[in-house]
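This report covers a protein–DNA model. It starts at the DNA and then turns to the protein–protein contact.

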2 protein chains.
Amino acid sequence: MLLTQAEENYLKAIFKINEKTNKPASTNAIAKHVSTSAASVTDMLQKLSGKSLIHYEKYKGASLSESGNKTATQLIRKHRLWEVFLFDKLKFPWEEVHDIAEELEHIRSDHLINRLDNFLGNPRFDPHGDPIPNAEGKFMLRNQSTLESLPIGQKCMLVGVTEHSVPFLQHLNGLKIKLGTQIKILEKQSFDRSMIVELDTKTQVTLSHSVVPNLLVKLI
Amino acid sequence: MLLTQAEENYLKAIFKINEKTNKPASTNAIAKHVSTSAASVTDMLQKLSGKSLIHYEKYKGASLSESGNKTATQLIRKHRLWEVFLFDKLKFPWEEVHDIAEELEHIRSDHLINRLDNFLGNPRFDPHGDPIPNAEGKFMLRNQSTLESLPIGQKCMLVGVTEHSVPFLQHLNGLKIKLGTQIKILEKQSFDRSMIVELDTKTQVTLSHSVVPNLLVKLI
DNA sequence: AAATAATTTTAGACTTGGCTAAAAATAACA
DNA sequence: TGTTATTTTTAGCCAAGTCTAAAATTATTT
Ligand SMILES: [Mn+2]
Ligand SMILES: [Mn+2]
Ligand SMILES: [Mn+2]
Ligand SMILES: [Mn+2]
């Protein structure tokens with residue numbers, strides 16, 4: 001089926017809300033995601049329901065149907081592959097790739113995205129460490145923990161971030177922390193839940209509680 | 001100014017018609033270019049005129065204003081750079097790049113297009129031999145002739161095509177003719193204006209009059 | 001269990017970009 | 001120079017996607 005850019009954006013929003021909450025996406029939650037009014041969301045939910053892309057019941061929120069899920073997954077695949085292109089090939093900083101990928105993800109050509117995937121070396125993760133579904137829509141899983149959950153003395157490596165805002169990513173830039181950076185936990189302050197860690201550059205940095213829970217790491 | 005995709009497409013159409021005819025673009029000519037009705041074109045011409053992107057007088061056709069020209073040139077720059085990306089990097093055949101570039105050209109980010117230009121090695125011509133304007137909008141000129149105008153015995157090299165249709169480009173594929181192919185003129189048939197040429201592969205082929213005038217060559 | 005608050009839906013309107021049919025202007029022809 | 005033919009514009013309509021304001025429903029308090 002041929003979907004408009006608007007319809008695609010709603011499906012992606014519902015996907016992300018469903019994924020995070022494991023519940024039907026509420027009208028208001030969707031409205032925030034796509035930056036529009038609740039009334040507009042209701043209109044669109046009725047349309048998407050009519051096209052059998054979502055399951056929707058008045059006042060009960062929306063979740064993706066099988067075909068809606070497939071569409072949303074392909075969109076995420078395109079988004080993340082374009083992010084890899086921008087980051088790896090065009091050398092954009094990781095905090096700038098998302099907005100451009102929001103536009104590129106709507107280019108319609110299976111041929112294009114599969115060649116791009118190949119050109120990039122079939123990457124499994126995007127510049128923020130998020131998994132890239134393959135052409136069949138399968139997400140790659142990975143053993144990962146949040147840095148917060150690890151004990152003093154543990155060594156690990158940054159493999160992802162759960163927060164994608166520009167200020168947060170720039171903050172990490174300032175700390176010289178990026179994907180692949182090795183981290184050893186030296187101290188955990190129970191008072192303010194900050195953490196003192198040593199990086200692979202031998203420098204010590206303090207990570208506040210607005211940083212620590214957003215870092216996904218692999219044990220080493 | 002922020003333009004819609006539709007507005008951009010109209011500006012590009014007017015640019016191309018102006019370029020080819022050296023006259024204001026007629027409503028009908030534009031309608032053919034953007035595949036729409038004459039009535040819709042009139043509507044849009046009034047809108048573009050209101051935004052000072054074109055010079056337009058009822059019944060007299062349209063031509064680009066300075067700002068309209070700048071916009072159209074940047075679009076062509078984006079279109080042709082994306083074509084180079086698709087052809088050089090993703091290895092698409094030259095007859096498939098145009099349609100995808102029609103979508104990619106509307107992605108808005110100066111940052112992106114300048115990095116792409118750099119990544120591609122600042123190419124001056126696209127996969128069809130058309131010049132790529134630089135960031136300031138300047139087109140590179142080149143000494144070229146149409147194959148038709150050359151005498152028997154002349155050696156030359158294909159540098160561009162004036163026809164971009166899929167069947168035409170596939171026909172050239174079949175003849176093993178691509179940009180860079182060297183051509184020597186062996187015979188010119190005055191009856192049907194066909195031409196017998198020898199390629200750099202030493203093979204001889206006959207080029208009909210629906211092919212010859214569409215080949216742009218450089219003398220060697 | 002009411003009353004109040006928050007969320008969601010409906011109703012009605014607007015903008016963009018398209019359409020067809022009819023009117024007006026221009027071009028071509030006899 | 002009239003008379004046709006063609007082109008262009010106007011007029012009126014439509015679908016998508018948005019909005020605000022009001023009504024309906026559901027959730028939260030007292
Ligand atoms: Mn992103
Ligand atoms: Mn990402
Ligand atoms: Mn093209
Ligand atoms: Mn081209």
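The surface near DNA strand C divides into eight nonpolar, nine polar and two charged residues. Here Ala, Val, Leu, Ile, Met, Phe, Trp, Tyr, Cys and Pro count as nonpolar, Asp, Glu, Lys and Arg as charged, and the others, Gly among them, as polar. This is a predicted model: local features need pLDDT of at least 70, side-chain atom pairs count only at pLDDT 80 or more, and totals for chains, interfaces and linings use all residues. Residues are numbered from 1 along each chain as its sequence is written, chains are lettered from A and ligands numbered from 1 in the order in which they are written, and side-chain values use heavy atoms, with hydrogens and water left out.

H3(A) gives the most, four residues.

| Residue | Protein atom | Distance |
|---|---|---|
| A:Asn28 | backbone N or O | 2.8 Å |
| A:Tyr56 | polar side-chain atom | 2.3 Å |
| B:Tyr10 | polar side-chain atom | 3.4 Å |

Now the protein–protein interface. About 1,700 Å² is buried between chain B and chain A, and carbon and sulfur atoms give 74% of that area. Buried area is the accessible area (1.4 Å probe) that two parts lose on being put together, summed over both. B:Leu90, B:Glu103 and B:Arg115 supply 30% of what chain B buries against chain A, more than any other three residues.

Technical notes
A polar contact is a pair of N or O atoms within 3.5 Å; within protein, one must be able to donate a hydrogen and the other to accept it, and residues adjacent in sequence count only if both atoms are side-chain atoms. Helices (H or I, at least four residues) and strands (E, at least two) are DSSP runs, numbered from the N terminus.
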